[in-house]
Amino acid sequence: MASGAPQKSGQMACSTEESPSFLDALLCDFPAPLSPESPLPWKAPGTAISQEEVEGELAELALSFLLSRNAPPLLAASLAHEALSQLLQTDLSEFQKLPRKEEEDEEEEEEKAPVILLDARGLARSFFNQLWEVCSQWQKQVPLAARVPQRQWLVSIHAIRNTRRKMEDRHVCLPAFNQLFGLSQVHGSHRILHQDAVDRAYFAVFDGHGGVDAARYAAVHVHANAARRPELPTDPAGALRAAFQHTDDMFLRKAKRERLQSGTTGVCALVTGTTLHVAWLGDSQVILVEQGQVVKLMEPHKPERQDERARIEALGGFVSHMDCWRVNGTLAVSRAIGDIFQKPYVSGEADAASRELTGSEDYLLLACDGFFDVIPHQEVAGLVQSHLVRQQGSGLLVAEELVAAARDRGSHDNITVMVIFFRDPQELLEGGAQGAGASQAASGSQDSPETGTPQRS
């Protein structure tokens, strides 16, 4: 689910044949629960996690494991939810870790209640055994909720380290958002907060700096925090904004415990029914292309923006120009998750926007600054249309070509591009040959306007 590897994916509905055959194969490889001596089938999320991190970390653990074994995405999300719901109803105190002496001293100085940390490996082992139990039950009969056909998504994703020493980008492609968090099925679990019939799909790109910890953390927890927000059914954009802030607060606590200094910008999109909601921190960006024209959805947070500079200076910080505009002479972004030593100048408060979808939208593109620093918005539609012409209407490799275009234009940064198609690329290809606006984009014109700024929330 959260990854930094090159990936192309299409979300498909679970067929009645796919689920039992996958479960048969899985239980053939894992015929019994894990013994205390057995190695974990997937890497545990560190050595210790806090109570508030359990749901996000274990959901990520289950999805990563199941999808690595080619589980149907809908089934993987449903299995992860069921196993997690059952585990969270048990007593987790047996996994509690005693704080180290220095942690106790820090807590006494701050006069705050100690953070309860759980042993990550022990918790992961128990969770895998719970997952095994659910798989065994479902092998006999897969519940209807895990077999209901969902909207099919064609998503092209590509990510490269490029010339940087480390890959610090992470991305999330989660078409089965509702299934992972139990938001659309009747169930007795206390973790289900909303029961409705609105389809939800979530996509995100996070661009880390100073290490990968913050980006990886955001890719695991932002959507989990959004799913818990009580306002999600009525104000999805507000839920995303709150989820960014809560994830920042959580990561700052982890950064203090583990002495981490990294940060991450991020952009996410949540499609709820026929409405698109986006939220962002920093200079990762999302654009919408509609009938061959770029629709501007957001304004990235950069230190040189007048309102951002005024906010930073009002807090006692400063913005200066070195090789680029930087906050306090260090960071080139003015908002991010993490960056513990630059708070509050580098804010964790996200912006969000919403836009009704009419059915005329072509695709959504999310990318980090490694892409947008060298590829202007108005050139994206032309590059995509040219690719579709060469590939005879196949869009699976379009993200790979866009990443290559950014690299060829001199980007040395990590580059992540995600393209989510709202319409069949074959239809876009045929429409591009007929419509004047799309034809202009197909020729690579650089003067097509950006239109339709949505209402900010």
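Which residue forms a salt bridge with Glu 379? The partner is Arg 409, and the closest N and O atoms of the pair are 2.7 Å apart, where a salt bridge stands for a side-chain nitrogen of Lys or Arg within 4 Å of a carboxyl oxygen of Asp or Glu. This is a predicted model, in which local features need pLDDT of at least 70 and side-chain atom pairs count only at pLDDT 80 or more, while totals for chains, interfaces and linings use all residues. Residues are numbered from 1 along each chain as its sequence is written, and side-chain values use heavy atoms, with hydrogens and water left out. Helices (H or I, at least four residues) and strands (E, at least two) are DSSP runs numbered from the N terminus; buried means under 20% relative accessible area, exposed over 50%, and partly exposed in between, with a 1.4 Å probe and protein chains only.

**Salt bridges**

- A search of the whole structure finds 20 salt bridges.
- Arg 409 and Glu 379 form one of them; because Arg 409 lies in the loop between helix 12 (398-408) and strand 18 (415-421) and Glu 379 in helix 11 (residues 377-390), the pair ties together parts that are 30 residues apart in sequence.
- In this pair Arg 409 is partly exposed at 39% relative accessibility, whereas Glu 379 is buried at 11%.
- Salt bridges with shared partners also join Glu 308, Arg 311 and Arg 335 into one network.
- The side chains of Arg 253 and Glu 52 meet in a salt bridge at 3.1 Å, N to O; Arg 253 lies in helix 8 and Glu 52 in the loop between strand 3 (48-50) and helix 2 (54-68), so this pair ties together parts that are 201 residues apart in sequence.

**Lys 254 in helix 8**

- Lys 254 is found in helix 8 (residues 236-258), and counts as buried at 15% relative accessibility.
- Its side chain meets that of Glu 258 in a salt bridge at 3.0 Å, N to O, and the two residues, four apart in helix 8, are separated by about one helical turn.
- Leaving aside residues up to four places away in sequence, Lys 254 touches Glu 53, Tyr 217, Arg 259 and Leu 260, a contact being heavy atoms within 4.5 Å.

**Backbone features**

- Most residues other than glycine have a negative phi, and most peptide bonds are trans.
- Asp 339, in the loop between strand 15 and strand 16, has a positive phi of about 55° and is buried at 5% relative accessibility.
- A cis peptide bond with omega of about 5° joins Lys 343 and Pro 344, and Pro 344 is found in the loop between strand 15 (337-338) and strand 16 (351-356).
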